[in-house]
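Good morning, everyone, and thank you for making time for this. Please look at the sequence and the structure on the screen, and I will then walk you through a few places in it.

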Amino acid sequence: MTPTRQPHILLVVENVALARDHRLQKQVSSLHDHGYRVTVICRSDPGNDRFPGARLRTYRPPADGASKLGFAREYGYSFAMAAWLVARVFATDRFDAVQVSGTPDIYFALAAPYRLLGRPLVLDQRDLSPELYALRYGRQEGAVYRALCWLERRSYRTANQVITVNASLREVARTRGGVPPDAVTVVGNGPVLARTRRRAPRPEFKHGKRFLCCWLGLMGPQDRLDLALRAIGHLVHDLGRADCHFAFVGDGEIKDHAERLAAELRISDWVSFPGWADQDQAFTYLSTADIGLEPNMEEIVSPVKGMEYMAFALPFVSFDLAETRALAGGAAAYAPPGDVRAFARLIDELLGDPARRAELGRAGRRLIEERLAWDRQEEAYLGVYQRLLGSPAMPAAGAAAAAVGAAAAGARVVPGDADVVPGDADVVPGDADVVPGDADVVPGDAGLAAKGG
């Protein structure tokens, strides 16, 4: 690598678009700001072009799978489109390293040929496919489960470096995947401090109630919205608390089911599902809310929404799980796992105790500022690529650097902007679009046969 060359990193993610993948957005932003050239391959989305800083190659998203056959079609199509786009990028502007995000654990096969050509593979392991499958289907056996375990092992063993979000996943990579300790790096998924300024509260979000509780994110089966809704039913009908509104902000495959369950539980007057919100609107909800909700039941998950609650000094109620407690410490109130009545009682107690809410909120904000924010995690992430590729010799933000990248890729440079964007939209076989974009990536999470979110 010549001293003046900017290393080029290709990031590939399947389950969500750049516009909905906050972790990917932060990774791209950090790489770009520290002198790397970045290309992203993901699903198309109208919001993708809001993130300048990386070259964006996208394909039209398939229909989300709802059955095993549906998942096979979804991931097969996405894999084929991503593989074609990876080959196209390599032919026109050769990348120096490729990062794939799991789940699903099939993208190691997409990157393996380029590893043979000397391009290292980084696996960003966000979730565990076998565990997600077991959660969805209630079984840890059978051909599909064994196949997922095999794919997971192949992903770990093909990667040059593995990134995980917490110590539990690091241990899985080392024990189940046989990854050497020096090849696994923990990079947390906290928010960027500069983006967590409080917004002006929006009283209308409370729907005429005194209090507001929030849940936000992608809605998948593993998020256990059913437990939160049942806790709300107990809170309203049995404990008699009717002065709080509950907003479930986000979208995903179980949103319709959650709305039907709310109606069955006779809590629709206290619950709303406003749909997907961009980051600014989501953070406005958190600036308005009194309590956050985290009904997740996965021991190994470090909940992103928990860190977002903490960044806004918002106390939250959670089940008492190892990684949740390791993450939040004294910033949350913990119910025994799966105990919806205890979950409801904790909401009731916190709503009635403003001093306690303030105490938990301060503890959470302090943890974010001192340890969990992306600002504190970025160094570990960049260190992975510095070890693999070395430090870039020139800043990515310079106009000269952008011109070099544009010439190599046959792209144009936007006047007054150093970001390189495709000059023309590419046409992908199968009617897939490639959206031209100044796509800077700022993240969420993903999933194979269980759609982790």
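Let me begin with R266, which sits in the loop between α8 (255-264) and β10 (271-275); helices here are DSSP runs of H or I with at least four residues, strands are runs of E with at least two, and both are numbered from the N terminus. This is a predicted model, in which local features need pLDDT of at least 70 and side-chain atom pairs count only at pLDDT 80 or more, while totals for chains, interfaces and linings use all residues. Residues are numbered from 1 along each chain as its sequence is written, and side-chain values use heavy atoms, with hydrogens and water left out.

R266 has a positive phi of about 60 degrees although it is not a glycine. Most residues other than glycine have a negative phi. R266 is exposed, with a relative accessible area of 58%, where exposed means over 50%, buried means under 20% and partly exposed lies in between, using a 1.4 Å probe and protein chains only.

H207, also not a glycine, has a positive phi of about 50 degrees, and it is found in the loop between β7 (184-186) and β8 (211-218). H207 is partly exposed, at a relative accessible area of 47%.

Now to a helix: which residues of α3 are buried? In α3, which covers residues 107-116, they are Y107, F108, L110, A111 and Y114. Seen down the axis of α3, these fall within an arc of 150 degrees, so they line one face of the helix; the arc is that of the directions from the helix axis to the C-beta atoms. Just after α3, G118 takes a positive phi of about 90 degrees.

The residues F108, A112 and R115 in α3 meet W150, L151, R154, S155, R157 and T158 in α5, where contact means heavy atoms within 4.5 Å. By class, this contact of α3 with α5 has four nonpolar, two polar and three charged residues; Ala, Val, Leu, Ile, Met, Phe, Trp, Tyr, Cys and Pro count as nonpolar, Asp, Glu, Lys and Arg as charged, and the others, Gly among them, as polar.

The C-alpha atoms of W374 and Q27 are separated by 9.3 Å, although the two are 347 residues apart along the chain. Leaving aside neighbours within four places in sequence, W374 is in contact with residues including R23, Q27, V187, P191 and Y381.
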